[in-house]
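Thanks for making time this morning. I would like to go through one model with you, starting with its charged pairs and then turning to its surface.

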Amino acid sequence: MTTNNSSNLARDAVSSTQKASDDIMTSAGKALEATREHANNALDKAESRVRELRGSVDPMVEMLASKAQKMARQSLDLASEAKERAEKSLRHAADATTRYVSEQPMRSIVVAVTIGAALALLISSSRQRNRNRY
C-alpha cells in the first residue's frame, strides 16, 4: 500500500507538474502574443506618425524650394533690368559726348588736353610720393 501510495503520489506529482508546465507554457505563449501584438501596434503607430510627418514636411520643402526659385528669378530679372538701364544710360552719355565733340571740336580738344594734363599731374605726383616713402 505504501508503494501504491508512492506511485499515486508520483503520478499526481508528475500530473501536477505537467499541468503547471502546460499552464506556464500557455501563459508564456499568451504573454508573447500580447507583447508581439503590442509591439506591432506601436510600430504601426510610429509608421503612421512618420507618414504624417513626411506628409507635412514634403509640402513645406516644396514651398520653400518654390519660394527660393521665385526669389532667384526676381533677382535675375532685377539684375537684367539694372543692366539694361546702365546700357541705356551709357548709350545716352556716349551719344551726348559724340554730339558735343562734333558740334564743338576745338572746345572738346581743349577739355581733353586739360583732363589729360590733370591726370598726368596726379599720376606723377602719386609716383613721386611712393618713391619718397621707400
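Since I will be speaking of helices, let me say that a helix here is a DSSP run of H or I with at least four residues, and that helices are numbered from the N terminus. With that in place, and bearing in mind that this is a predicted model, consider Arg51 and Glu47, which both lie in helix α1, 4 residues apart, or about one turn of the helix. These two form a salt bridge in which the closest N and O atoms are 2.3 Å apart; Arg51 is exposed, at 57% relative accessible area, whereas Glu47 is partly exposed, at 38%.

The count of salt bridges comes to 3. Another one joins the side chains of Arg36 and Glu33, with an N to O distance of 3.5 Å, and these residues are 3 apart in α1, again about one helical turn. Lys83 pairs with Glu87 at 3.4 Å between the closest N and O atoms, the two being 4 residues apart in helix α1.

A nonpolar patch of about 630 Å² is made by Tyr100, Val101, Val111, Ile115, Leu119, Leu122 and Ile123. Helices α1 (2-103) and α2 (105-133) each supply at least two of its residues, although the largest share, 5 residues, comes from α2. Ile115, in helix α2, is partly exposed, with a relative accessible area of 48%.

And what of Ser108, is it buried or exposed? Ser108, also found in α2, counts as buried, because its relative accessibility is 12% and the cut-off for buried is under 20%. Beyond its neighbours within four places in sequence, Ser108 is in contact with Tyr100 and Val101.

Notes:
Residues are numbered from 1 along each chain as its sequence is written. This is a predicted model: local features need pLDDT of at least 70, side-chain atom pairs count only at pLDDT 80 or more; totals for chains, interfaces and linings use all residues. Side-chain values use heavy atoms; hydrogens and water are left out. Patches are made of residues with over 30% relative accessible area and no salt bridge: like charges are joined within 9 Å, nonpolar side chains (Val, Leu, Ile, Met, Phe, Trp, Tyr) within 5 Å. Accessible areas come from the Shrake-Rupley method with a 1.4 Å probe; for residues, only the protein chains shown count as cover. A salt bridge is a side-chain nitrogen of Lys or Arg within 4 Å of a carboxyl oxygen of Asp or Glu. Buried means under 20% relative accessible area, exposed over 50%, partly exposed in between (1.4 Å probe, protein chains only). Contact means heavy atoms within 4.5 Å.
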